[in-house]
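Trainee: I would like to learn how to read a structure one feature at a time. Could we go through one together?

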Amino acid sequence: MSWGNPFALYLLALIPVFVLFIYFYKKQRRRQLLKFCDETLLDFHNKSFSSFYFNLKTFILTISFAFLVIAIARPQWDRDIRIVEIFGQDLVFLIDVSKSMDAQDINPTRLERAKRHINLFLDELKGDRVAIVAFAGSAVTICPLTTDYAALKLIVSNLTTDTVTDYGTDIGVGLKRAGEAFNQESSAKTIILLSDGEDLEEEGTEIAKQLARQGVVIYALGIGTPEGSPIMIKNDKGQDEYAKNDQGNVIITRVDVLGLHKIAETTGGNFYMISPSYAEIFDILKLIKNNEQTKSATRQYFRYKEQYHYFLYLALILLLADSVVIFRNNKVGERCPSDS
């Protein structure tokens, strides 16, 4: 047995308090009456009062109160088993965490904007399994497929350009790791790539072709602006300065629109530049909505049935019984002792 509202059971502690109150009340009342009459007159007066029926009414009220308290505490037993099957998409967010994502050509930075997009995606998903893969010069699976969106948001919030220690930008290795994140039973496989598209290894398109043969569709989101921006880094002294190349020139990082578009197009997906309205998110969600869904989980829920109504019925029956019990005797013909 379990209780839906166990704290209500503390009210049962009022029962002994009530019984003691009735006991001392009767004692006190008798002492008060004896101040105005002797015991013989008081006993004669009490002949019209039935202690048995008074105690019976007290007992009935006490038990009915106990049943009401138990009903409020919501007793539960007899388990009800429900089996729920969860269906949804399998999505992998592949996020670029290379140093170029610290560029501030979009506010506040490219990486922060990418993280906001992922969080908004998660707000719109229901029952879909999601994985997070981060990449720079190498790639790492930050979180495998899961439906725990709260945990995913926490993981995303902690992503920085130091998450992957290998410098550079290798979209190909990121796509390969993202493809490995899907399970064998996944029927709808979607990768959402968030990057500025600077593929220094230039293997992204080739890996995209391989993933397309496996039924993977890639939607690419360009994070940044075509005009580009310098990258703020810390020098050896811990001071902020712009990143420079070997010739001492400030590096300007730009979104590779053509490269990202080609990767997405190779798999039958689309390329989008991110926008302040986040319209691209809803467009992608609309496109993947009709994909074949994978059964992501089968869960059994055990729930006890509510049984409070039995105790409520008993309490009402006892209250009705109490209403017909009268604690006065209907004796006639008795005379007061003073009349003899």
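**Reading the features**

Mentor: Let us begin with one residue and its surroundings. Beyond four places in sequence, isoleucine 288 has contacts with Gln89, Leu91, Thr190 and Tyr219. Keep in mind that the model is predicted.

Trainee: Where is isoleucine 288 found, and is isoleucine 288 buried or exposed?

Mentor: Isoleucine 288 belongs to helix H9. Its relative accessibility is 3%, so isoleucine 288 counts as buried, the cut-off being under 20%. Distance can be read in two ways here: isoleucine 288 and glycine 269 are 19 residues apart in sequence, and their C-alpha atoms are 9.9 Å apart in space.

Trainee: How should I read a nonpolar core?

Mentor: In soluble globular proteins, nonpolar side chains tend to be buried together. Here the largest nonpolar core has 34 residues, and Phe93, Val130, Ile132 and Leu221 touch the most other members. Two or more residues come from each of E3, H4, strand E4 (129-135), helix H5 (149-157), strand E6 (189-195), strand E7 (216-222) and H9.

Trainee: Which element gives the largest share of this core?

Mentor: H4 does, with six residues. A second, separate core has 25 residues, among them Ala131, Leu145, Ile191 and Val216.

Trainee: What is valine 130 in contact with, leaving aside its neighbours within four places in sequence?

Mentor: The contacts of valine 130 are Leu91, Phe93, Leu122, Leu125, Pro144, Leu145, Thr146, Tyr149 and Leu152.

Trainee: How do I read the backbone?

Mentor: Most residues other than glycine have a negative phi, and most peptide bonds are trans. In this structure, the peptide bond from asparagine 107 to proline 108 is cis, and its omega is near -5°. Proline 108 sits in the loop between strand E3 (90-96) and helix H4 (110-124).

Trainee: What is phi of arginine 74 near, and where is the place of arginine 74?

Mentor: Arginine 74 has a phi near 55°, a positive value in a residue other than glycine. The loop that holds arginine 74 runs between helix H3 (51-72) and strand E2 (75-88). Arginine 74 counts as partly exposed because its relative accessibility is 32%. Tyrosine 278 also has a positive phi, near 60°, and lies in the loop between strand E12 (271-273) and helix H9 (279-288).

Trainee: How is empty space inside a model found?

Mentor: Rolling a probe the size of a water molecule over the atoms shows where empty space is left. A search of the whole structure finds one cavity of 30 Å³ or more. The largest cavity holds about 40 Å³ of space.

Trainee: Which residues line the largest cavity?

Mentor: The lining consists of Ser98, Lys99, Ala136, Thr161, Val164, Thr165, Asp166, Tyr167 and Gly168. Sorted by class, three of these residues are nonpolar, four are polar and two are charged.

Trainee: Is threonine 253 buried or exposed?

Mentor: Threonine 253 counts as buried because its relative accessibility is 1%. This residue is in strand E11 (residues 252-253).

Trainee: With which side chain does the side chain of threonine 253 make a polar contact?

Mentor: The partner is the side chain of glutamate 198, at 3.0 Å. Not counting residues up to four places away in sequence, threonine 253 touches Ser100, Ala103, Asp105, Arg110, Asp196, Glu198, Gly228, Ser229 and Ile231.

Notes:
Residues numbered from 1 in each chain as written. Predicted model: local features only at pLDDT ≥ 70, side-chain atom pairs only at ≥ 80, totals over all residues. Heavy atoms only, no water. Helix = DSSP H or I, 4+ residues; strand = E, 2+ residues; numbered from the N terminus. Buried < 20%, exposed > 50% of the residue type's maximum accessible area, 1.4 Å probe, protein only. 1 Å grid on protein atoms, 1.4 Å probe; cavity = no way out; pocket = protein on both sides within 12 Å on 5 of 7 lines; lining within 4 Å. Points joined across faces, edges and corners; volume = space filled by probe spheres on them. Nonpolar A, V, L, I, M, F, W, Y, C, P; charged D, E, K, R; others polar. Core = buried A, V, L, I, M, F, W, Y, C linked by side-chain atoms within 4.5 Å. Contact = heavy atoms within 4.5 Å. Polar contact = N/O pair within 3.5 Å; in protein donor to acceptor, adjacent residues only side chain to side chain.
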